Structures are given as C-alpha cells and as structure tokens.
Amino acid sequence: MGSLSSRRSSVLGPQSSVEALRGGWKRVLAAPALVASVFALTFLLALPLVIMLRGMIASHLGGSLAAETAASGINYDWWQEFSAQATGLGTTFTPSVIGFATVLDNISGVLDARARIAPLATALAVYLVGWAFLSGGILDRYARQRPIHVHGFFAASGVYGFRFVRLAVVAGLIYWWLFAYVHPWLFDTQFDNLTRGVNSERAAFVVRAIFYVFFGGILLAVNLVVDYTKVRIVVEDRRSVIGAIAAAVRFIRTHPRQVLALYALNSLTFLVLIAVWALMAPGVGGAGLSMWAGFVVAQLYIVARLLMKLQFIASQIALFQANLAHASYVSAPIPVWPDSPAAEAIGSSPRSA
C-alpha cells in the first residue's frame, strides 16, 4: 500500500507540473497587453544606448571609405581599430553582438562574474526597478486570470512594488555575497589548489565545469526562492518580506519534485528557443532589406524571450495555486476605483478650506 502511494505521488508530481506549464501558457496568452508592455519597456530602455553607440560609430567612420564597406557588410580592420580606441559603451561593440554569440557572451558573463560597464549597469538598474514595479501587476493579473484593467494593474503594481523593492534589496545582498566571496573562493582559490601541478588541460576544464555547475545550482536555488517569494507576496497578500521568504522555502521544501520538474520543463522550452535562435540568428548583413529583416527577426527573438520570462512567472503561480489554493485564488481584492490605494490616499489627505 505504501509503495502504491509513493508511486502515485511520484506520478502526480510531473503531471501537476505539466498542468502548471499549460496553465502558465494559457495565462500568458490570455493577456497579450502585458507582453506588449514589457517589450515596450525593454525597447525604450535600450533605445538611448543604441543611439549613443550609433553616434560613436558614425563619428569614428565619418565619410571614410571604411564607412562604405561597413554599410555593405563588415570591415574587420576598421572594427579592430574602433575597438582599440573605444571607451565606455563603445567597448561593448564586439563580435559577440552578432547573432547567437550574444547568448553565449551573456551566459559567460554571468558564470565568470564579469562586471558591466557603467552605462549598461545603469540601464540594467533602471530596468530592474521598472520590472520590480510592474511585477506586482503582472503577478496579480496572472493569479486572478481575468482582466484587472489599467487602474487595477497600476494599483497592484504600487502596492506590491514597494514589497518587491525590499525583496530585491535582500536578494541583491545575497547575490553580491555569492559573486564577491563564493565565486572567487571557487574559481580562484579552490580552482588553483585543485589544478596546481596538473598538466592536462582537459582535467582543469572538468574541474572548472564542475564549479560552474555547482555555482549555477546555487544561483538557481536563490532564484527559485525569490520567484516563489513573489508568488506568496501577491497571492497571499503578505506584507513581511522575510516571512514570505520563509514561506517560499517551505513550499519548495514540501513540493520539491513539482517545483524542480516545472523549472526543468520551462528550462527545456527555453533551450529549444535558444536552439532555434542558434539556427536562425542573422549574421552581418548589408544595408537595405537584409538589415531590416535581421532587425525584425531579432525583435521576434526578444519577444519570445520575454514570453518565456512571463511563462516562468505564470506557471509558478499556477503550480502554487493548484497545491495550496485554487486556480484563481488571490487573497487581496481587486483594487477598483474608488477603492484603490490611490483613492484612499486622496481621501485621507487634509481638505483645503
């Protein structure tokens, strides 16, 4: 009887994860305005950086013959010359910006703890703050599975945004500690200790790969806790970030197979997207139609990446609600004007004579 129960639970785990995956996609596709809004935020934040980089390239090219060859394809001699004198944002204009190389460069940058230059770091900080604000409305919309309209969305964003900022501070301190202390301890101290006297590059690579997997596993664990902390804050209207973190850890500890299976399914979907992008990523094209075609394909890839990001959120909400509540349970009522927090603040302000 016990073995039958254990077998049944082991079967139900993956099934509930598959259902959560489907439920997540259903919620994401039912709210296309959220996808468009997140894409607009990403595009608008990237646009100033693109304009700055364009100005640097145009200033360096001027009216030279290199400008004509650069417009028709690529001029590696000029590119090396530009990279040698580039500063700030210009240092990011490397071959890694072409096609699929960008994906590999981003992964390498995270695992190797490579610092970002100031303009990119500033844009990333602004993006994270904007995402922290919008996340409350996004999670609330996906949890309720029905329209909450613009005022409801921004009311929820305002209510949960401050809690998410507090969570971001806690998570930021954890990530800082991992990259400032754990990463150098692994990849500098321990790697040197284990590979000292080793003549085989293959053995050194295996050691480094093991450290990559170990460090990536730590990042994954922290990421899962942060994700389900957000879910518990919104679905259960929790005000204490520390209490929500503890509740998220309890949920992951009591439902490890469902949580990890869902994460694996979402990650597999993401890897399929990356594989498709590796096959379709445009290379260096000339001016005209090929340039705009490459731009459109790249934007479609960004939309697909954002869909995956939203799917991660929506499917985690679906999994949590399926295990501890019901499919559209949210503790807090929908903020509806004039019952929204904004109206309450207006009502509590002193009246003028």
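Leu265 is partly exposed, with a relative accessible area of 25%. This residue of the predicted model is placed in helix H10. When neighbours within four places in sequence are left aside, Leu265 is in contact with Ser17, Val18 and Leu21. Leu265 and Phe312 stand 47 residues apart in sequence, and their C-alpha atoms are 9.8 Å apart in space.

## Overall architecture

The protein has 12 helices and zero strands. Read from the N terminus, the order of elements is accordingly α-α-α-α-α-α-α-α-α-α-α-α.

Of the 353 residues of the protein, 35% count as buried. Among contacts with a separation of 6 or more, 76% are accounted for by residues 24 or more positions apart.

## Helix H10 and its crossing with H8

Helix H10 comprises residues 256-280. With 25 residues, H10 reaches 36 Å from its first C-alpha to its last, close to the 36 Å expected at 1.5 Å a residue. The buried residues of H10 are Gln258, Val259, Leu262, Tyr263, Asn266, Leu273, Ile274 and Trp277.

The axes of H8 and H10 come within 12 Å and cross at roughly 105°. Angles of 65 to 115 degrees count as roughly perpendicular, and H8 and H10 are therefore roughly perpendicular to each other. On the H8 side, the residues that meet H10 are Leu220, Asn223, Leu224 and Tyr228; their counterparts in H10 are Val259, Leu260, Leu262 and Tyr263. Of these counterparts, Val259, Leu262 and Tyr263 are listed among the buried residues of H10.

Helix H7 covers residues 149-195. A straight helix of 47 residues would span 69 Å at 1.5 Å a residue, whereas H7 spans only 58 Å between its end C-alpha atoms. A kink of about 35° is present in H7, centred on Trp185. Just after H7, Gly197 takes a positive phi of about 85°.

Phe153 also has its place in H7. With 12% relative accessibility, Phe153 counts as buried. Not counting residues up to four places away in sequence, Phe153 touches Leu34, Leu134, Gly137, Ile138 and Ile148.

## Salt bridges

Side chains of opposite charge can pair when their charged atoms come close. A search of the whole structure finds six salt bridges.

One of them joins the side chains of Arg163 and Asp237, at 3.0 Å from N to O. This pair links distant parts of the chain: Arg163 lies in helix H7, while Asp237 lies in the loop between helix H8 (201-235) and helix H9 (241-254), 74 residues apart. Both Arg163 and Asp237 are buried. Arg163, Asp237 and Arg239 are linked in a network of salt bridges.

## Further charged pairs

Arg232 forms a salt bridge with Glu236, with the closest N and O atoms 2.8 Å apart. The two partners fall in separate accessibility classes: Arg232 counts as buried because its relative accessibility is 7%, under the 20% cut-off, while Glu236, at 23%, counts as partly exposed.

Arg22 and Glu19 also meet through their side chains in a salt bridge, at 3.1 Å from N to O. Because Arg22 and Glu19 are three residues apart in helix H1 (residues 2-29), about one helical turn separates them. Arg22 counts as exposed at 54% relative accessibility, and Glu19 counts as partly exposed at 47%.

## Gln299 in helix H11

Helix H11 spans residues 289-324 and contains Gln299. The relative accessible area of Gln299 is 17%, so this residue is buried. Leaving out residues up to four places away in sequence, Gln299 touches Phe39 and Phe43.

Definitions and conventions
Residues are numbered from 1 along each chain as its sequence is written. This is a predicted model: local features need pLDDT of at least 70, side-chain atom pairs count only at pLDDT 80 or more; totals for chains, interfaces and linings use all residues. Side-chain values use heavy atoms; hydrogens and water are left out. Helices (H or I, at least four residues) and strands (E, at least two) are DSSP runs, numbered from the N terminus. The expected span of a helix is 1.5 Å times one less than its number of residues. The bend at a residue is the angle between axes fitted to the seven residues ending there and the seven starting there. A salt bridge is a side-chain nitrogen of Lys or Arg within 4 Å of a carboxyl oxygen of Asp or Glu. Buried means under 20% relative accessible area, exposed over 50%, partly exposed in between (1.4 Å probe, protein chains only). Axes are lines fitted to C-alpha atoms, for helices over the stretch in contact, and angles run from 0 to 180 degrees between N-to-C directions. Angles under 35 degrees count as roughly parallel, over 145 as roughly antiparallel, 65 to 115 as roughly perpendicular and the rest as oblique. Contact means heavy atoms within 4.5 Å.
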